[in-house]
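Here is a short report on one protein model.

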Amino acid sequence: PYTLPLEGSELPGVFNLRTLDDARNIATHADTVPDAIVIGGGLLGLETAHSLHLRGKKTTVIEVMRRLLPRQLDEAASDMLQAHREILGIEGLKSADSEAIRVENGSLCVHLKDSRRVCAGQVIFSAGIRPRLELPQAAGLALEKGVQVDDYLMTGAEDVFAAGDVCEHRGVIYGIIPAAMEQARAAAQNILSHRSTPYQGTMPSTRLKIAGMEFNTLGEAVVEHDGALTVLRFEKPESGVYRRLNIKDGKISGAILLGENQNVQPVRHLIASARDVSAYVEEMASAAFDFKSLASAGS
């Protein structure tokens, strides 16, 4: 886990979450204070904040970007999540760049660069991950954000492969279990049989469920509009339903699904199979569109 280089990041009551002992220490400390701050509004940060809320703690999430879950949700979906969390009593501060943590009147106060200040009994960092590169650096491997690999998970050194959170493939460090497993399988096959199994990347897929609200994001879910992209949306905020489909070259390239669990697997299949859906684009924005039948047709 990445700890922001802030003044006060080593103070008692400031935590990172990596190991089971870290989780136990956070829970033990939480039982002695009324409130908490989580720095980072990504998946782990929101799940940590919700867990603290379930322990009866007033919790504030600080996110440097202008929306929560910036890698998974667009503006509309993030606003729905924000509203839901505020109903639960979890406050979210967006566009909030942390500058320092100081002890004031017995509390830990996070000072933001825009002069705002938030105080609580404990602070948890959840600001992303950084690969540990001491070993590959000492071995002289090619590094950028992580260990550089080609499409066969090979590093620049003979007979040395990399997979998982330490490896950077085509500029991406996935930081998710499905990618680590797919990379490990491909690396194993290429160790057994030289350049036999290319790795083409992993479909990003995340799921967040908090107090009855479940988001699923698939593929290239958060991308900016361009001339080649069509974005379809269906929204029913009063029922907690939101659907965004990104269509590129007649195929679904990514999706955000809230309150539509029945469509997650069919849409996942349509993305993975690169099925041409151009004939159904207008219909897919409707509430009752049958993604399951479309996904199973011709399978």
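The expected span of a helix is 1.5 Å times one less than its number of residues. Helices (H or I, at least four residues) and strands (E, at least two) are DSSP runs, numbered from the N terminus. The model is predicted: local features need pLDDT of at least 70, side-chain atom pairs count only at pLDDT 80 or more, and totals for chains, interfaces and linings use all residues. Residues are numbered from 1 along each chain as its sequence is written, and side-chain values use heavy atoms, with hydrogens and water left out.

**Helix α2**

Helix α2 covers residues 43-54. Its 12 residues should span 16 Å at 1.5 Å a residue, and the end C-alpha atoms lie 17 Å apart, which agrees. Several α2 residues are buried, including Leu46, Ala49 and Leu52; buried means under 20% relative accessible area, exposed over 50%, partly exposed in between (1.4 Å probe, protein chains only). Gly45, Thr48 and His50 are buried too. Just after α2, glycine 56 has a positive phi of about 85°.

**Two open sheets**

Strands of a sheet pair through backbone hydrogen bonds, either parallel or antiparallel. Here, two strands pair if DSSP finds at least two bridges between them.

| Pair | Bridges | Residues opposite each other |
|---|---|---|
| β11 and β12 (213-219) | 6 bridges | Lysine 209 and glutamate 214 |
| β5 and β6 (107-112) | 6 bridges | Glutamate 104 and serine 107 |
| β13 and β14 (241-248) | 8 bridges | Threonine 230 and isoleucine 247 |

β13 and β14 form a hairpin with 4 residues between them. Glycine 240, in the turn, has a positive phi of about 70°.

On a 1 Å grid over the protein atoms alone, a cavity is a set of points where a 1.4 Å probe fits but cannot get out; a pocket is an open set with protein on both sides within 12 Å along at least five of seven lines; lining residues have an atom within 4 Å of a point. Grid points are joined across faces, edges and corners, and a volume is the space filled by probe spheres set on the points.

How many cavities of 30 Å³ or more does the whole structure hold? The search finds 1. The largest cavity holds about 30 Å³ of space. β11 gives the most to its lining, with 3 residues. Leu43, Leu69 and Phe215 are among the lining residues.

The second largest pocket has a volume of about 250 Å³. It is lined by 14 residues, and the closest to its centre are Pro204, Gly219, Glu220, Ser253 and Ile271. Strand β15 (residues 251-258) gives the most to this lining, with 3 residues.
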